[in-house]
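I will go through a few local features and then come to how the copies are arranged.

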There are 2 protein chains.
Amino acid sequence: MTDNFRRHEAMLADALAALQSRAFWTPFPETPSGKIYGESARSDGEAAFQALLGAAFDLPGHPEERRLGAEVSPWGLDLRITYPSAGAGALIAASGRAAAGWTAATPAERAGVCLEILHRLNRQSFLMGHATMHTTGQAFPMAFQAGGPHAQDRGLEAVAVAWQEMMRTPATAVWEKPQGKAAPIVLEKQWRAVPRGISLAIGCNTFPTWNSYPGMFASLVTGNTLIVKPHPAAILPLALTVRIAREVLAEAGFSPDVVLLAVDEAGAEITGDLIAAPEVAIIDYTGSNAFGDHVRANAGGALVFTEEAGVNSITIAGTDDFRGMCSNIAFSLSLYSGQMCTAPQNIYVPKGGIQTDEGPKTLDEVAAGIAGAIDALLADPARASGVCGTIANPATLARVASARGMGGVLRDSAPLAEGRSASPLILQVEDAPDGPHRHECFGPISFIVAVEDADAGIQAAADLARSKGAITAALYDTDEARIARAIDAFAWAGVNLSINLTGGIYVNQSAAFSDYHVTGANPAGNASLTDSAFIAGRFRVVMSRRPKAA
Amino acid sequence: MTDNFRRHEAMLADALAALQSRAFWTPFPETPSGKIYGESARSDGEAAFQALLGAAFDLPGHPEERRLGAEVSPWGLDLRITYPSAGAGALIAASGRAAAGWTAATPAERAGVCLEILHRLNRQSFLMGHATMHTTGQAFPMAFQAGGPHAQDRGLEAVAVAWQEMMRTPATAVWEKPQGKAAPIVLEKQWRAVPRGISLAIGCNTFPTWNSYPGMFASLVTGNTLIVKPHPAAILPLALTVRIAREVLAEAGFSPDVVLLAVDEAGAEITGDLIAAPEVAIIDYTGSNAFGDHVRANAGGALVFTEEAGVNSITIAGTDDFRGMCSNIAFSLSLYSGQMCTAPQNIYVPKGGIQTDEGPKTLDEVAAGIAGAIDALLADPARASGVCGTIANPATLARVASARGMGGVLRDSAPLAEGRSASPLILQVEDAPDGPHRHECFGPISFIVAVEDADAGIQAAADLARSKGAITAALYDTDEARIARAIDAFAWAGVNLSINLTGGIYVNQSAAFSDYHVTGANPAGNASLTDSAFIAGRFRVVMSRRPKAA
């Protein structure tokens, strides 16, 4: 046992218990409060972020052929940070050289290193919040949570599931086979976990840490070496992560090159070279279906885990809390301007309207209720920016502009007070087979889709999830028999369903240790965070056996 | 809970305990004894087999477009059995229609059905022994064991691991998130396992049940429907299996078409159509690397689990039981004429000879010791046939003939008294980079490979395993430091190592509940029997969540 492991063993045990109960649990508080993180944590984090700006990011001993980096915050700040950059060949060679020591480490040593990395990441959550805010364009409170504690939760979850997997096979056993009246055959057996090789994590622009930590920590703790390839527009959060990982590795006596950073430039990405390298044995990818297809086609024998895109839906069949429903949906559509893989896009509403606690509502009244709730939510400019954040990618703004012609505009999008921004656009469409709502329209774009009745809406949403993928589905309904049918329909479509959310919990939210994120059962991704299928193949078990000495 | 599940629940619990301890355990006795299986079991099995010959094999209600079947026993018997045959389209349609009821069953209902199938298969082990003998060409004792109890063990192992996986996520949980001084957010969550779709099992000629049961039962118990595609020369063992499965399914109230048989003819196989069908979501394949590549390239989005080929080795560095070593190796080379995926092919021996309990032995003396032990083992014609069995595929006989020119003949191959047969051929070669021993030579062909010293032999065997694949490796050595180096080398190559086997246990043998069969860490296959990676992806977990009623 190592010091790192002993220090964090109780946290690991609690994580394993939480995974079993799937009740609420986290060791990483989500509130950006000085009372929790230390009175100076807020100012220290801000100062640490400021000190990084306009400077060469230091990664001692990291392979470096040149310096790259051109991050500009969607909030307007030019980060002017440069990172050490090396080609795929140099990175793979360095990773290969670092492998032997890491492979030879015990599961407890590796878990200790991973838990200590997560612990230190947690202490840096304010810095990570700023880094996430100014690369993803999220508002600070969300950037703190999603870039910090919530991502750390997902990393810890992966370590815990991997620990469970690695502990499934005993290190040794005695196998004694009876031979009738003769002496039994007695063998001593030993098993060890061996890693696959180099693991590549391909990060995304919008959730660089939250989406990457599960695969990164799953591969690392199971003995693989790691190359982290950030999106060129969101390098800093992963560079900070790699720096902390390298520090902990070196302190524990391992080569820091067990974890490497692969920085490139938009338009000259080295991702393709890394994917095609035969030494790369595991790939975790978050991004578009189109590039996902490319990864799969070029990954050779590597295991590929993906989170891709889909079309999430809300079906409104009825409610006993119309205001609560509209407010809840308004927040889900507004949060980070719809740039979450869990954000709803299509809202299916019966043509004949619905029953509510305020009496019957027509389709137009439902639409107006949601649009009005968004207007109310975003009435205060500071609050609006705090909810919507900014638009990470200029292409998303262009998509909003071109979407206006796709249907009747129920609520128009407009810039907010700060940064490159756009409030939610809501369009009304029929459920035509070639309708624009049948494709992912990433960003603050949603569709009110008129359907014959509630069951037709459920079926349309489930069908689309099954064919195009979906990560979330929501239903508002008061008819328990129909709710049961919807549960079946969305299970068949492989999508997690949230029913009648009206308070401070949203369909967008996926809680570590309880909610599996993505099911792997529809085209929105093949991996599920964090089930054993996401972990078990990252290492292999090898045996030696011999007759037991008398 | 179902009756089937209750009836076999204790067996499942014992299997789970065995998987944890990895000590010896089986509920299915391997001895073909009337005392165990019932006084009339032997004659009943023989009579049942005879009754099948020359007749139409009955699978009530099975899709049938025509009758096919041309099995001829390598022992000489023409089976003249015809089976119902249908095209890929009809099979996939029937499988799809059967899916809803099976998907809706509880894990306990499905496990109960699978355990009852295994129980009935066990009761039919004598019949299965004859069916296996006259399709694979194994001698009866081996056919009984490998086709019966040992295959049933592997099926049960898959059910047990799958049960463990399905039970990992609770059916329900309450998730309560504190909100400071406000009331907590409380959600009720429900999870269910959903299957992938249709699972295709592609059987092989030599071990139709042993190699197919793990994937078949793993997919079935996790809710997928199953299409079983036997090798055209070894249909009967899987047809009997499918018949029993369909009987148990129907008795339990499910469509028998949950399990279907895909019979085709050599030269007009429908395997390609089945692989390419988008409805086929899981493929279990045993066979050549070349067809394995075809499966991977054409499987679309299906999960593919494979056992392919490799080059297994023995390295002889020294021994304190020269006679025991030679006898043990002789049996490993002779058993089923080397047609086991676990049979050794290359025997690395130092040029300068080795130290033994009988004093130093030259390379020639080591080779002569092994050849002599084979001659002694096979001296009695009846015993020789009982060990070697026959040659399943005529191409293997041709390979033996052409192999004679590949090196110096240390022991020539010859027909045995019964059936299409060939005793072991042993050739001597240098370890040249382009040597014939560096490829799989399937069948009773082995090579004594001269190497500089024992460490060079270990490295050569490990290198070849890593590059070409291997399922087993063996080492004879008395130097503990070198043994430790060998354990590291073969772990790096991803191959299970047996050390100093001299008694009644052989490198070829892989025991369910204890030995993982294939590591998945080298080209000999991507799947390991039976780890969680072999199971976990066969189903997905889907959630619904809603606020908890006050």
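Predicted model: local features only at pLDDT ≥ 70, side-chain atom pairs only at ≥ 80, totals over all residues.

In chain A, the loop between strand 1 (66-68) and strand 2 (83-85) is where you will find A:R80, and strands here are DSSP runs of E with at least two residues, while helices are runs of H or I with at least four, both numbered from the N terminus. Although A:R80 is not a glycine, its phi is positive, at about 50°. A:R80 is exposed, with a relative accessible area of 52%, where exposed means over 50%, buried under 20% and partly exposed in between, using a 1.4 Å probe and protein chains only.

Residues are numbered from 1 along each chain as its sequence is written, chains are lettered from A and ligands numbered from 1 in the order in which they are written, and side-chain values use heavy atoms, with hydrogens and water left out.

Is B:F513, which also has a positive phi, buried or exposed? B:F513 is not a glycine either, and its phi is about 70°; it lies in the loop between strand 16 and helix 19 of chain B, and at 0% relative accessibility it counts as buried.

That loop of chain B, between strand 16 (496-499) and helix 19 (532-535), also holds B:T530, which is joined to B:L529 by a cis peptide bond with omega about -10°. In chain A, the peptide bond from A:L529 to A:T530 is cis, with omega near -10°, and A:T530 sits in the loop between strand 16 (496-499) and strand 17 (539-547).

Let us turn to helix 4 of chain A, residues 88-104, whose 17 residues reach 25 Å from the first C-alpha to the last, close to the 24 Å expected at 1.5 Å a residue, that is, 1.5 Å times one less than the number of residues. The buried residues of this helix include A:A98 and A:W102.
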